[in-house]
Amino acid sequence: MIISHKIRLDPNNKQATYLAKAAGTARFAYNWALAEWQSQYAAWKDDNTQPKPNQMSLRRQLNAIKREQFPWMLDVTKNAPQMAIIQLGQAFNNFFAGRAKHPQFKKKGKSRDSFTLTNDQFSLDASRIRIPNLGLARMRETLRFFGKILSATISRTADQWFASITVDTDQNHLPPAENQGTVGVDLGVSALATLSTGEKVVGAKPHKVLLSRLQRLSRSLSRKVKGSANRHKAKQKLAKLHARIANIRQDSLHQLTTDLTRRFYTIGIEDLNVSGMVKNRRLSRAISDMGFFEFRRQLEYKAGMRGAVVVVADRFFASSKTCSASGCGYKVDKLPLSVREWTCPVCGAVHDRDVNAAKNLQEYASATLSNHAVSSTVSACGGEGSGLGRKPKTKPAPMKQEFNRKLDLG
């Protein structure tokens, strides 16, 4: 199991300067490689006898010229520019595979400052990390996981530096789910999550709470002279507030997803079209403030670590419009967002819109697991007992299994 631990660093002024210089070098190398890739690719399209660009050839090209043209690159670890070009190659692989958009140039101050180190270019000494040409930098805590260290990504958020250390470990720090049955979770704007048990989690809504302060700092920044020290200070204040909003949102989502995966073995959710939902100008701010995509990401990886199952209903599944009363299943034709309660014309049941949706998601999850006979299924990888059974009697398949155990049947 590959897992990352993000730890805040506590560098002194000299070390912070080095980290900023290394991040700037990585950004420059990425932009240089992207420009070379585009020009070489255009030349290859005109004449197929020309070499097609790739990250390996660009790394060699940079190594051949950096001592003469970019001697300042030698002041930081060699991983900073090299790993940036490798990441550009991965970005192009994702683009050609249709998984991402075309890579864009990184602009100073508008893209996250970061650089990556391979495991042979750094070492850990309790609560300190040793980086080439820098020495030992303090970490706020020690690494929580034991195993083979693969890499570390050093990044900056506002005025704080972090090290995200990736570890390949067999250690599972989360106990199995308590298996309190199946639960359906309906996400919304007024309440972040409504459970089929009737529980409602309002959510932190940090952007809404701190919006007035955010607007005040934004106006203050716009009045400052470009390039002045006061503008730099105002920019730092605004960045700190944005980081605080993100941290509050992350903390709220972590508490919710941890509680759900701790209690329930089977969790039913909807496949929400978040990118389409935020196009609604009246709801986009509230939807973004909730963090629907991040909720699903956390729920899926935590469920996988606890041995739980996430069942994802199709995004066209009528969870709100269908009567959840036992034996009814009546579906209304239209149900505007303004309607928060409705009465079934067939059975007369009165439904809270969100609770009704959560109950239907719970039923969908239970039916899906029953139909697929999870406990006796043989997975696509082959091997007896390699299905989704929680305690298989036979040894799991010898081949590498997918870590994520969600069921996306949409």
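Modeller: Leu192, Gly203, Ala204, Lys205, Pro206, Arg249, Ser252, Leu253, Asp289 and Met290 line the largest cavity. A cavity is a set of points, on a 1 Å grid over the protein atoms alone, where a 1.4 Å probe fits but cannot get out; lining residues have an atom within 4 Å of a point. Two elements each give two or more residues to this lining: α6 (229-263) and α8 (284-290). Helices here are DSSP runs of H or I with at least four residues, strands are runs of E with at least two, and both are numbered from the N terminus. Helix α6 gives the most, with three residues.

A word on the source. The model is predicted, so local features need pLDDT of at least 70 and side-chain atom pairs count only at pLDDT 80 or more, while totals for chains, interfaces and linings use all residues. Residues are numbered from 1 along each chain as its sequence is written, and side-chain values use heavy atoms, with hydrogens and water left out.

Back to the cavity. By class, its lining has five nonpolar, two polar and three charged residues. Ala, Val, Leu, Ile, Met, Phe, Trp, Tyr, Cys and Pro count as nonpolar; Asp, Glu, Lys and Arg count as charged; the others, Gly among them, are polar. The space in the largest cavity is about 50 Å³. A volume is the space filled by probe spheres set on the grid points, which are joined across faces, edges and corners. The structure holds one cavity of 30 Å³ or more.

Now the open space. The largest pocket holds about 1400 Å³. A pocket is an open set of points with protein on both sides within 12 Å along at least five of seven lines. It has 38 lining residues, and the closest to its centre are Lys6, Gln250, His254, Arg297 and Tyr301. The elements giving two or more residues to this lining are β1 (2-8), β7 (160-168), α6 and α9. Again α6 gives the most, here with nine residues. The pocket lining divides into 13 nonpolar, eleven polar and 14 charged residues.

Glutamine 298 touches Gln250, Leu253, His254 and Thr257, not counting residues up to four places away in sequence. Contact means heavy atoms within 4.5 Å. Of these partners, Leu253 also lines the largest cavity.
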